[in-house]
Amino acid sequence: MGIRFIMMVNKQGQTRLAQYYDHYLSLEERRVLESEIVRKCLARTEQQCSFVEHRNYKIVYRRYASLFFLVGVDTDENELAILEFIHLLVETMDRYFDNVCELDIMFHLEKANFIIDEMVMNGCIVETNKSVILSPLHLLDSTT
Amino acid sequence: MSGPSIMETLFQRTLEDLIKGIRLQLIGESAFISKAMEEIRKEIKSTDLQTKSIALQKLSYLSPLHFVDMSWAAFHCIECMSSPRFAQKRIGYVAVSQSFNEHTPVLLLITNQLRKDLGSVNEFDAGLALDCLANIATVDLARDLTPEVFTLLGSSKVSVRKKAIGVILRVFEKYPDAVRVCFKRLVENLDSPDSRILSAAVGVFCELASRDPRSYLPLAPEFYRVLVDSKNNWVLIKVLKIFAKLAPLESRLAKRVVEPICDHMRRTGAKSLMFECIRTVVSSLSEYESALKLAVLKIRELLMDEDPNLKYLGLHALSIVAPKHLWVVLENKEVVIKSLSDSDSNIKFESLRLVMAVVSESNVVEISRVLLNYALKSDPEFCNVILGSILSACSRNVYEMVMDFDWYVLLLGEMSRIPQCQKGEDIENQLIDIGMRVRDARPELIRMARSLLIDPALLGNPFLYRILCAAAWVCGEYVEYSTNPFELVEALLQPRTSLLPPLIRAVYLQSVLKVLTFCIHSYLRNKSSGLFPFTDNLEGVVSESMSKGKTQEASDLPTPAQDDVFNPRISDDNPYEDLPLENNGEDSKFDSFEKNGFTRESIVNLLNLIELAVKPLLGSLEVEILERAQNVLGLIELIRQEFPDQLSPRKEILAKEESEVSKLIRSMNDAFCEELGPVSVTAQDRVRVPEGLVLEENLKELDTICGDIQPSTSSFFAPRYGERIEESLASDLQNGEDSEPSRESTSLLIEHRKRHGLYYLPSSASNDYPLANDLRSGENDRDETEDFVRLTAQSLAPKKKPNYSKPRPVVVKLDEGEVTLSVASKKPSSKYDLLSGVIQDVLQETNLMDKSSRKGKEKVSSDVPQGSKENVQDPEDPRREKSGLRKSKHRSHGKERKHKDPDQVDGKKDGKSERAREKSSHRHGRKKTRQRAEGPLNVSAQTPVIPDFLL
């Protein structure tokens, strides 16, 4: 699927995780893009829909406690499927971290990245089975 | 600087320490980070790989979250990457994926490491390498590593194969020739019994097909099987996306998939899959009535849902279907209209877009009314979006949608009075444009302009200045249509005009000059023609543009019979029958003007008024104002000679009939009566550059000279009126109020207030005027959504063209260059061109090889795409397609043989010309790519590729 980037941003607008699949963006471009998106999405209320168009992306976002999960996709991507993907991602992390919270992601960013890498490749969702996603991670944990 | 000591290594901060440090730091985040970076720079030079990798890990943590540059550490990344320990290797790989791009100088150094890891027996090493390749693959990397990726595409380990499929998209993109090597294996993966591999493969094909659907038509049977068999919603959604692209290309395919898709739509409980089905049907299969009906039903469910997400998607689906099947939108009009006041701005915008899609010349009046009511209630931003879309819809193609310009002009006036309106510039442009293009709209235009100008409250709103500017121009230019020019002058000179920016004020003064000239001229002509019937008045230079108003006023026969004579004349060349009525209606108010027309007394009063108001402007610091004020006063000076204050009029005039002044006035009037027409946007191009004129190629130099001058925003219009409104329009509206304090005598203000008490607050003694249009917004507040719904219920309903009582007035159009040409369809980017070219090549090559190697065997599905045009009526068709579609897991040759004979016949029939073309085209590609693809082909030991996957 045409995922362009995945971001996790907290309520204060601080980026906690950012993964891009689009062509390479420079640090400055990313900074601008992130602040634009954060400004746009965080201002919205719970009652408003979870899809925002920005530049040539469509951003599908969902809020879990203090953390916003933002996924930028192509405009013709299935928004609801992406919402489900976000939920799957959260559930997977929940299973791994056992009641995941912002701090888990802060302190174990590489684990979170690992999970995302298992799920998404090159913007396509390649794995949706939670235990399959987590198995290499568990293996890694057991060896170190 | 030497590397860190043992001690430093021992007490190295871990990533966790760093993160804690950032959270607890007291010296400020950026200071802390730069300190940490210093440490990292030191540690990363360590010879100990563990120290190095932890430093790198910290760096790759800081880089994306705190925007720290890490390109300098490229070489260290490579060192970690080659570590034998997985944890360190992974740190290296993550860093590489994050920071490398095609400009990284050491990029080529990783090729070997990647190759080694791709070939590793450890599936996690291979997985890391594939992940990395998916992120950073360049042309070189893709070319060099194609053989490895090809091998992994057939890996027995699911996790590796899955990732290899994921990486293939990037490889194809960078190195299209890889298609020749890998395509067959990729297609084979569509047959995999493992759902994860299938899902990855479908995902890749979905991306590929979205770029160039035609190339993948031959694979339709595979996709069809997935569509029917798969239980995985993720996969189904992707396959639906593929079919949404393929179906429009091949009608038989569409017919085939429409049933399964409807099945899914009915059965599925997943909203995402249902929505994808809806989207596929409305975008690609909308000609199948039953499917469309079902989809519409489902859309309705979405629209009715409480969830804003579903509602948004429902509206989105409607906007996809709107261009082809308007009735779907009309069926759901209540929801759409109600959504205009939704709390979510995204939903509001979507429904506005939808409403604008429905608008046509038959319902533009009603829709504009509804939208305007919404605009009044909306927040400023959305209000202006609404106004903007009304303006652009109505002005599209030179107002092609507007049948009744009187209505439209009134609508523009109404828009101007909306308090939040910020579309001044657009409205200004349209007012002037309509004035120039539509002669029949001028009377209404001037009436509307009058009502804007006369209202002192409007002068307090800076957003309206542009509109007032246009109104003032209209009043001056088309004064002959005015029922009461004296009143216009009063409005143009009212005390609060001092609030206007100078350049717009200059337009006001210029208009005063025009009106004055017109009044004097009419007066003089009246006098000179004495009691002649008014029809005679019309002879002469100005007869054509002479207005009803003017003739009426000019007439010395204010008898009741006048109207009888008058009306037929009007309807002769003017469809505006309400004009005389209107005049009669206002008779009571302007009685004296009607009866007496341009009497000597009124002219003298006019002169006095102008003189009184304009004289103070001679002290103005603005050149534009000063100059125009001088002009006006100069003219008055001249005219004064004709009108010494108290003399008996009659003989005076008769005696001086041909005086200098009247000649002057006549020629001035003639000059002002010259019609200004619209100018083609391409006009400038047709002016030849005179010999010897050197046009500066590079206007950059100009910037340095006049860098601080703001470019005119309305330059589009500037050339149209020659030197008339010109510069004044280019003014910057916000640049402050008139520098000149209001020195106008308070008596003027008092008098104005007396005359137009209607527009003043009863008790206000100071200059505090109410905000423009408070009244209006108040009265509209009580409008309820239901009212609009009811209102639009009729308006949106499809109806026959309304019977307009009057024919559509002529709109002046220029033959060419006026309408913006539709933008040429965009070209696909060359990269995708290249890629699809190769894929088609591969598919065709396959056909050819098929033919040569297995004589007599015919391609089956490959002629689906190419033959689609020719063999629509082919009797063999359905069968052949069926055979293609039915074929699933086992593609035995025996099966093909069964169909051999009919196919062969077919193939000959329809493929002849096609093949000739293909041959010539692909021979090129083949020759070219041979040498390039040689390497990988040999290495892979799979050559020659004889993919029979097409069958």
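Me: Buried means under 20% relative accessible area, exposed means over 50%, and partly exposed lies in between; at its relative accessibility, does Phe382(B) count as buried or exposed?

Reply: The model is a predicted one, and in it the relative accessibility of Phe382(B) is 1%. Because buried means under 20% relative accessible area, the residue Phe382(B) counts as buried.

Me: How many aromatic pairs does a search of the whole structure find, and what angle lies between the planes of Phe223(B) and Phe243(B)?

Reply: Over all chains, the search finds 18 aromatic pairs. One of them joins Phe223(B) and Phe243(B), whose rings are 6.5 Å apart from centre to centre. Planes over 60 degrees apart count as edge-to-face, and this pair is edge-to-face with its planes at 90°.

Me: How many residues apart in sequence are the parts that the pair of Phe223(B) and Phe243(B) ties together?

Reply: Phe223(B) lies in helix H13 (residues 220-229) of chain B, while Phe243(B) lies in helix H14 (residues 233-246), so the pair ties together parts of the chain that are separated by 20 residues. Phe223(B) is buried, at a relative accessible area of 0%, and Phe243(B) is buried too, with a relative accessibility of 0%. The separation in sequence asked for is therefore 20 residues.

Me: The rings of Phe349(B) and Phe382(B) also form a pair, so of what kind is it?

Reply: The ring centres of Phe349(B) and Phe382(B) are 5.4 Å apart and their planes stand at 85°, so the pair is edge-to-face. Phe349(B) belongs to helix H21 (residues 345-358) and Phe382(B) to helix H23 (residues 380-399) of chain B, so that distant parts of the chain, 33 residues apart, are linked. Phe349(B) is partly exposed, with a relative accessible area of 24%, and the kind of pair it makes with Phe382(B) is edge-to-face.

Me: Over the ring of which residue does the charged end of Arg256(B) sit?

Reply: Chain B has a charge over a ring at Arg185(B), which lies over the face of Phe150(B), 4.2 Å from the ring centre. For Arg256(B), the charged end is 5.4 Å from the centre of a ring, and that ring belongs to Tyr224(B).

Me: What is the area buried between chain B and chain A?

Reply: In chain B, 55 residues are in contact with 54 residues of chain A. Carbon and sulfur atoms give 57% of the area buried between the two chains. Phe67(B), Arg90(B) and Trp234(B) supply 16% of what chain B buries against chain A, which is more than any other three residues supply. The whole buried area is about 4,900 Å².

Me: With which residue does the side chain of Asp344(B) meet in a salt bridge?

Reply: Across the interface of chain B and chain A there are six salt bridges, and there are also 18 residue pairs in polar contact. The side chain of Asp344(B) takes part in a salt bridge with a distance of 3.0 Å from N to O, and its partner is Arg44(A).

Me: How many of the residues of helix H5 of chain B are buried?

Reply: Helix H5 covers residues 74-81 of chain B, and it is largely enclosed by the rest of the structure. Its buried residues, among them His76(B), Cys77(B) and Ile78(B), pack against helices H4 (49-66), H6 (86-99) and H7 (110-118) of chain B. Of the eight residues in the helix, the number buried is six.

Me: How many strands are there in chain A, and how many in chain B?

Reply: Of the 951 residues of chain B, 56% count as buried, whereas buried residues make up 61% of the 144 residues in chain A. Chain A has five helices and seven strands, which follow the order β-β-α-β-β-β-α-α-α-β-β-α from the N terminus. Chain B has 49 helices. The number of strands asked for is seven in chain A and, in chain B, zero.

Me: What is the phi of Ala65(A), which is not a glycine?

Reply: Most residues other than glycine have a negative phi. Ala65(A) is found in the loop between strand E4 (57-64) and strand E5 (67-73) of chain A, and it counts as exposed, at 68% relative accessibility. Its phi is positive, at about 50°.

Terms used:
Residues numbered from 1 in each chain as written. Chains lettered and ligands numbered in written order. Predicted model: local features only at pLDDT ≥ 70, side-chain atom pairs only at ≥ 80, totals over all residues. Heavy atoms only, no water. Phe/Tyr/Trp six-rings, centres within 6.5 Å; stacked < 30°, edge-to-face > 60°. Helix = DSSP H or I, 4+ residues; strand = E, 2+ residues; numbered from the N terminus. Buried < 20%, exposed > 50% of the residue type's maximum accessible area, 1.4 Å probe, protein only. Lys NZ or Arg CZ within 6 Å of the ring centre and 35° of its normal. Contact = heavy atoms within 4.5 Å. Buried area = accessible area lost by both parts, 1.4 Å probe. Salt bridge = Lys/Arg side-chain N within 4 Å of Asp/Glu carboxyl O. Polar contact = N/O pair within 3.5 Å; in protein donor to acceptor, adjacent residues only side chain to side chain.
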